[in-house]
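Please read it alongside the sequence and the structure.

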Amino acid sequence: MEGSICRLPELIQLKKKYKAYLYMDEAHSIGAMGKHGRGIVDYFGMDSNEVDILMGTFTKSFGSAGGYIAGKKVDYSIEIFLENMTKTISLIYSEKCEILLLKILD
């Protein structure tokens, strides 16, 4: 697979400057990038707490099924985003991701 690496340190600066959320898709980097194989955050030696939501799959690097969405805190706007995202995913893949599991992040 091909891809490009985002400039994570610059994205984190922009996130702080504009008080935005940062959502990082580590699906193709987890297990493959970084000193410890923990993805782009590890590649740049950044603190994962700087990223609000991390997501990835277990199918690529781990040869398994499923995935994850992780974060330090969920507030109302992120909860609505995730709820709408899971509804869209469930329509595309005919699978339902329970929003209650995502509320554990709170």
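## Overall organisation

Among the contacts in the protein chain that link residues at least 6 apart in sequence, 52% are between residues at least 24 apart. The model is a predicted one, and its chain contains 4 helices and 3 strands, which follow one another from the N terminus in the order α-β-α-β-β-α-α.

Of the 106 residues in the protein chain, 28% count as buried. The accessible surface of the chain amounts to about 7,600 Å², and carbon and sulfur atoms account for 55% of that area.

## Confidence along the chain

The mean pLDDT of the protein chain is 76, and 66% of the residues reach a score of at least 70. Confidence is highest in helix H1, with a mean of 95, and lowest in helix H4 (residues 99-102), where the mean is 50. Over residues 90-98 the pLDDT is below 50, and this stretch makes 5 contacts in the model beyond near neighbours in sequence.

## The nonpolar core

The largest nonpolar core comprises 8 residues, namely Leu8, Ile12, Leu22, Met24, Ile40, Val41, Val51 and Leu54. Helices H1 and H2 are the elements that contribute two or more residues to this core. In soluble globular proteins, nonpolar side chains tend to be buried together.

Leu8, one of the core residues, is in contact with Leu22, Met24, Ile40, Val41, Phe44, Met46 and Val51 when its neighbours within four places in sequence are left aside.

Not counting residues up to four places away in sequence, Lys15 touches Ala20, Leu22, Glu50 and Asp52.

## A nonpolar patch on the surface

On the surface, Ile5, Tyr43 and Phe44 form a nonpolar patch whose members together have about 260 Å² of accessible area. Tyr43 belongs to helix H2 (residues 40-43), and this tyrosine counts as partly exposed because its relative accessibility is 43%, a value that falls between the limits of 20% for buried and 50% for exposed residues.

Note on methods: Residues numbered from 1 in each chain as written. Predicted model: local features only at pLDDT ≥ 70, side-chain atom pairs only at ≥ 80, totals over all residues. Heavy atoms only, no water. Patch = residues over 30% accessible without salt bridge, like charges linked within 9 Å, V, L, I, M, F, W, Y side chains within 5 Å. Areas by Shrake-Rupley, 256 points an atom, 1.4 Å probe, with all protein chains shown as cover. Salt bridge = Lys/Arg side-chain N within 4 Å of Asp/Glu carboxyl O. Buried < 20%, exposed > 50% of the residue type's maximum accessible area, 1.4 Å probe, protein only. Contact = heavy atoms within 4.5 Å. pLDDT = per-residue confidence, 0-100. Core = buried A, V, L, I, M, F, W, Y, C linked by side-chain atoms within 4.5 Å.
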